[in-house]
Amino acid sequence: MIKINKFDESMIRKMTVLAEKYNAINLAQGFPEHTKKAIINAATRAIEEDKNQYTVTYGLKELREKLAERIRQERDVNIGYEDIIITCGASEGIIDAVLGNVPRGGNVIIFEPIYENYIPAVQLAGGNIKTIPWDNGKFDMEQLTEVVERGDFIIINTPHNPTGKVFSREELLRIADIAKKYDCIVITDETYEYLTYEKKHVSIASLEDMGGRTITVGSFSKTYSVTGWRMGYIYAKGLLMQNIKSVHDYLTICAPSPFQYAALELLDLPHQYYEGFVESYRKRRDFMAEELVKCGFEFELPQGAYYIFAKLPKFIEMNDIDFCFDLVKNGGVALVPGSSFFYKHDNKRYVRFSFSKDMDSLKEAIKRLNSYLSKKTRK
Ligand SMILES: Cc1ncc(COP(=O)(O)O)c(C=O)c1O
């Protein structure tokens with residue numbers, strides 16, 4: 001049995017189980033409470049029209065063609081439909097990219113804090129993990145130059161989970177320069193590409209000479225509030241994609257067919273949909289940020305995605321894990337302990353809040369959190 005995670009199971013998913021057990025508001029796992037009716041209708045229509053059998057393993061050709069066109073137009077990445085496959089979420093995309101391409105003993109560099117799924121993927125592949133420590137809330141690009149070796153893989157995530165950081169073009173250019181100089185492959189997880197607030201999303205694959213050395217993972221989960229559909233995609237060129245295709249084929253055969261047909265319709269949604277999507281999250285981000293500051297949490301305002309990665313108030317003496325377990329049981333709010341996002345350089349004072357819930361749930365969560373914290377300060 002390979003040990004694939006320091007906690008043996010995902011802390012994010014574990015906290016969801018505990019949220020159900022204790023009837024807590026789940027600000028742990030990042031999923032919304034509702035999906036728009038038009039999106040639901042697209043899926044039910046596909047099932048009723050009997051689009052219920054396997055598609056070709058790579059995914060519907062029409063869907064890949066439409067996605068390729070969108071990626072060319074919006075991300076300025078020059079790809080064709082044959083460079084894309086449809087996966088069971090970005091989660092499968094990450095596994096396909098890593099298992100398909102990282103050789104046993106191959107180095108994979110990841111910036112801490114790290115979205116939970118990358119480490120298990122590298123461990124399943126038998127790769128060697130090199131992490132770049134977090135420098136007081138900053139991603140340290142200098143360290144990348146220090147640890148990189150010829151032929152390494154570099155995993156990046158923008159917009160970033162858990163910190164909400166959106167990598168700037170300048171930062172991506174630095175990573176790209178290093179990748180080219182040391183002949184590295186970059187795996188970029190762009191699950192939250194449509195959810196940025198103040199900064200624009202840039203795909204590293206669009207930078208000069210990066211298309212051939214980048215694997216990009218995308219998702220329908222967050223953009224359309226359909227995390228349970230398990231729909232994502234991955235694109236890369238040449239041998240990188242060939243290796244991905246064979247893992248995908250044997251792992252899942254294909255992504256769920258009715259949702260692939262539904263996704264075809266989602267790609268026709270007007271730009272107002274995406275603007276409304278960002279605005280609704282901006283309101284929730286601003287509300288949560290204001291309330292959490294009042295509670296005594298310290299954090300950088302997220303520039304993208306729907307998480308706040310916050311330092312525990314000074315008066316909390318418990319570490320992050322004890323705090324989260326106590327809060328879910330006795331305070332009725334589920335969060336994720338920050339430790340689960342660190343691999344080598346542990347950090348026990350952070351927790352992650354997801355603000356992907358409805359405003360009423362967020363208000364109730366803040367009420368509960370305040371009541372819980374007031375008991376701690378009175379002690
Ligand atoms: C950074 C990141 N990548 C990937 C995923 C998984 O997405 P999917 O539902 O498409 O598998 C998530 C889900 O929270 C995520 O935050």
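Two strands pair if DSSP finds at least two bridges between them. Helices (H or I, at least four residues) and strands (E, at least two) are DSSP runs, numbered from the N terminus.

The model is predicted: local features need pLDDT of at least 70, side-chain atom pairs count only at pLDDT 80 or more, and totals for chains, interfaces and linings use all residues. Residue numbers start from 1 along each chain as its sequence is written.

**View 1. The β13-β14 pairing.** β13 joins strand β14 (residues 350-354) in the antiparallel sense, over two bridges. P337 has V351 in β14 as its bridge partner.

**View 2. The open sheet.** Three strands run in the order β11-β14-β13, with antiparallel pairing. β11 (307-311) and β13 (336-337) are the edge strands; each has a single partner strand, so one side of each lacks a neighbour in the sheet.

**View 3. Helix α10 and the sheet.** Helix α10 (residues 271-295) lies across β11 and β14. The helix runs at about 10° to β11 (axes are lines fitted to C-alpha atoms, for helices over the stretch in contact, that is, with C-beta atoms, placed from the backbone, within 7 Å; angles run from 0 to 180 degrees between N-to-C directions).

**View 4. E290 in helix α10.** Helix α10 contains E290. E290 is exposed (12 or fewer other C-beta atoms within 10 Å of its own, placed from the backbone), because 10 lie within that distance.

Definitions and conventions. Two residues are in contact if their C-beta atoms, placed from the backbone, lie within 7 Å. A residue is buried if 20 or more other C-beta atoms lie within 10 Å of its own, exposed if 12 or fewer, and partly exposed in between; C-beta atoms are placed from the backbone.
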